[in-house]
Amino acid sequence: MEPTAARMPVLYLSHGAPPLADDPLWTGQLASWAADLPRPRAVLMVSAHWESAPVAVGATTDVPLVYDFYGFPERYYRVTYPAPGAPWLAERVRRLLGGPGAPVHTDEARGLDHGAYVPLAEMYPHADVPVLQLSLPTLAPEALLRLGRRLAPLRDEGVLVVGSGFFTHNLQGLTWGSGVDEAPGWSREFDHWGREALDRGDVDALLDFEHRAPAGRIAHPRTEHFAPLFVALGAGESDLTTQRSVIDGYWGGLAKRSVQWG
């Protein structure tokens, strides 16, 4: 398939952990989602697992993946995802985000982490779509919203902007082996609140989730897995009325809500 010339949507997805590949329901949901999207010219991925300031772009050549997890079976460390690099996109991002006193760093040794390649391996299993990863330069929601707004022009250039996190993320509450409808109360309450805020297009409430959401700091003891949502919200701000949850339910008790704008 040729890349589309149409305006691309924006995604926030819950990326799971390496065992996502063993979950036929979730992998099928991701594959179906990708099949329904316009074919991107490239993917710009903002993952919860790369925090670096000033903002940085990752490798534009084929470098090893970042296996940023511990204690899993050896087979998860043998996974590869040799997606093409996107040097043209890296240059475009530098132009959009850079400026006097606002450098954009380049880390050509930084491969895709599991927040990027785990879902992409299900969405684009042939690794034939160029991918560029962008760091989170801060966890401040308002600053990330502004960053996303500056990335929005990429949508008209065939770029799929993806924020990759987890809609609830408290690993102390992770319950391996629980079903798609099983979750602790704090996870359910936050997920329900977040869905309603998204449905209303209530960006102010989402930005202030620590104070407005039930169990806000239990669902996210640290903001990094919610932070990519704000980048996606900024890039997709013109399409708030089209927002829809494509994937919901729970995995290990954590909400895997994943959202599309446009």
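Biologist: What makes the crossing of helix 1 and helix 3 right-handed or left-handed?
Modeller: Helix 1 passes helix 3 in a right-handed crossing, a word used when the near helix is turned clockwise from the far one by less than a right angle, while anticlockwise gives left-handed. This is a predicted model, in which local features need pLDDT of at least 70 and side-chain atom pairs pLDDT 80 or more, whereas totals for chains, interfaces and linings use all residues. Residues are numbered from 1 along each chain as its sequence is written, and side-chain values rest on heavy atoms, without hydrogens and water.

Biologist: Why are helix 1 and helix 3 called roughly perpendicular?
Modeller: The axes of helix 1 (residues 24-36) and helix 3 (residues 114-123) cross at roughly 70 degrees and come within 7 Å. Angles of 65 to 115 degrees count as roughly perpendicular, under 35 as roughly parallel, over 145 as roughly antiparallel and the rest as oblique, and helix 1 and helix 3 are therefore roughly perpendicular to each other.

Biologist: Which residues of helix 1 and helix 3 meet?
Modeller: From helix 1 come Thr27, Leu30, Ala31 and Ala34, and they meet Pro119, Glu122 and Met123 of helix 3, where contact means heavy atoms within 4.5 Å. By class, the residues of this contact are five nonpolar, one polar and one charged.

Biologist: How do you know that helix 3 is largely enclosed by the rest of the structure?
Modeller: Nine of the ten residues of helix 3 are buried, so helix 3 is largely enclosed; buried means under 20% relative accessible area, exposed over 50% and partly exposed in between, with a 1.4 Å probe and protein chains only. The buried residues of helix 3 pack against strand 1 (10-14), helix 1, strand 2, strand 5 (131-136) and strand 6 (159-165).

Biologist: Why does valine 118 count as buried?
Modeller: Valine 118, which is found in helix 3, has 7% relative accessibility and therefore counts as buried. Leaving out residues up to four places away in sequence, valine 118 touches His15, Ala17, Pro18 and Leu20.

Biologist: What makes proline 38 partly exposed?
Modeller: Proline 38 lies in the loop between helix 1 and strand 2 (42-51), and its relative accessibility is 27%, so proline 38 counts as partly exposed. Along the chain, proline 38 and leucine 160 are 122 residues apart, yet their C-alpha atoms are separated by 9.0 Å.

Biologist: Why is aspartate 199 given the label partly exposed?
Modeller: Aspartate 199, in helix 5 (residues 185-200), has a relative accessible area of 48%, and is therefore partly exposed. From aspartate 199 to tryptophan 50 there are 149 residues in sequence and 28 Å in space, C-alpha to C-alpha.

Biologist: How do you know which word describes the angle between helix 4 and helix 9?
Modeller: Helix 4 (residues 141-151) and helix 9 pack at an angle of about 40 degrees, with their axes 6 Å apart. That angle makes helix 4 oblique to helix 9. Their crossing is right-handed, and the contact of helix 4 with helix 9 has ten nonpolar, two polar and one charged residues.

Biologist: Which residues touch the most other members of the largest nonpolar core?
Modeller: Among its 84 residues these are Tyr124 and Leu134, and the largest share of this core, seven residues, comes from helix 9 (residues 227-235). Beyond its neighbours within four places in sequence, leucine 134 has contacts that include Leu44, Trp50, Val93 and Leu151.

Terms used
Axes are lines fitted to C-alpha atoms, for helices over the stretch in contact, and angles run from 0 to 180 degrees between N-to-C directions. Helices (H or I, at least four residues) and strands (E, at least two) are DSSP runs, numbered from the N terminus. Ala, Val, Leu, Ile, Met, Phe, Trp, Tyr, Cys and Pro count as nonpolar, Asp, Glu, Lys and Arg as charged, and the others, Gly among them, as polar. A nonpolar core is a set of buried Ala, Val, Leu, Ile, Met, Phe, Trp, Tyr and Cys residues joined through side-chain atoms within 4.5 Å.
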